[in-house]
Amino acid sequence: MSNEEKNEATLEKEVVEETKQNDSGEEEFSPWYYFFSQGCGWCKKATPIVEELNADGKLPEILLLDTAETDNAKLRDELFAEYKVQCGTPFFINADTGESVCGFREKDVIEKWLNGEHIPAPPRISGRFPKV
């Protein structure tokens with residue numbers, strides 16, 4: 001077995017481990033990912049929002065993935081390559097569609113995204129950043 005085949009087998013195993021059963025007993029995969037890093041200030045604001053949304057149970061579950069874990073960082077990099085995304089953390093993505101949200105967003109914006117609404121990137125400042 002080549003290294004590439006081993007990597008694919010490992011990824012398939014991870015996908016299977018991330019499934020859960022729905023009400024009819026069928027396995028269900030959550031395509032909603034939230035990538036964060038422990039030292040990220042914006043992630044420290046976003047993580048409680050994601051946890052609150054998950055606890056509420058009204059919207060699809062978002063899997064919380066710490067990029068300090070090698071497998072999570074690898075998955076993030078694969079999704080970046082597949083969907084041609086460039087982003088740091090926090091980073092949200094629907095692995096089925098590639099629809100993503102880069103950076104911190106308030107709870108209402110994440111709810112809209114989970115409900116299928118496209119969330120545009122925030123405006124970029126052109127030129128030099130203002131001095132503080």
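These legends describe close-up views of a predicted model. Residues are numbered from 1 along each chain as its sequence is written, and side-chain values use heavy atoms, without hydrogens or water. Local features need pLDDT of at least 70 and side-chain atom pairs pLDDT 80 or more, while totals for chains, interfaces and linings use all residues.

**View 1. Tyr34 and Phe36 form a stacked ring pair.** Rings of Phe, Tyr and Trp (its six-membered ring) pair if their centres lie within 6.5 Å; planes under 30 degrees apart count as stacked, over 60 as edge-to-face and the rest as tilted. The count comes to 8 aromatic pairs. The centres of Tyr34 and Phe36 are 5.5 Å apart with planes at 15°, so this pair is stacked. Both Tyr34 and Phe36 are buried (under 20% relative accessible area; exposed is over 50%, partly exposed in between; 1.4 Å probe, protein chains only).

**View 2. Phe92 and Trp113 form an edge-to-face pair.** Their ring centres lie 5.9 Å apart and their planes are at 65°, so the pair is edge-to-face. Phe92 is in strand E5 (residues 91–94) and Trp113 in helix H4 (residues 107–114), 21 residues apart. Helices (H or I, at least four residues) and strands (E, at least two) are DSSP runs, numbered from the N terminus. Trp32, Tyr34, Phe36, Phe92 and Trp113 form one aromatic cluster.

**View 3. Helix H2 covers residues 41–56.** Its buried residues are Cys43, Ala46, Thr47, Ile49, Val50 and Leu53. Gly57, which follows H2, has a positive phi near 75°.

Notes: The expected span of a helix is 1.5 Å times one less than its number of residues.
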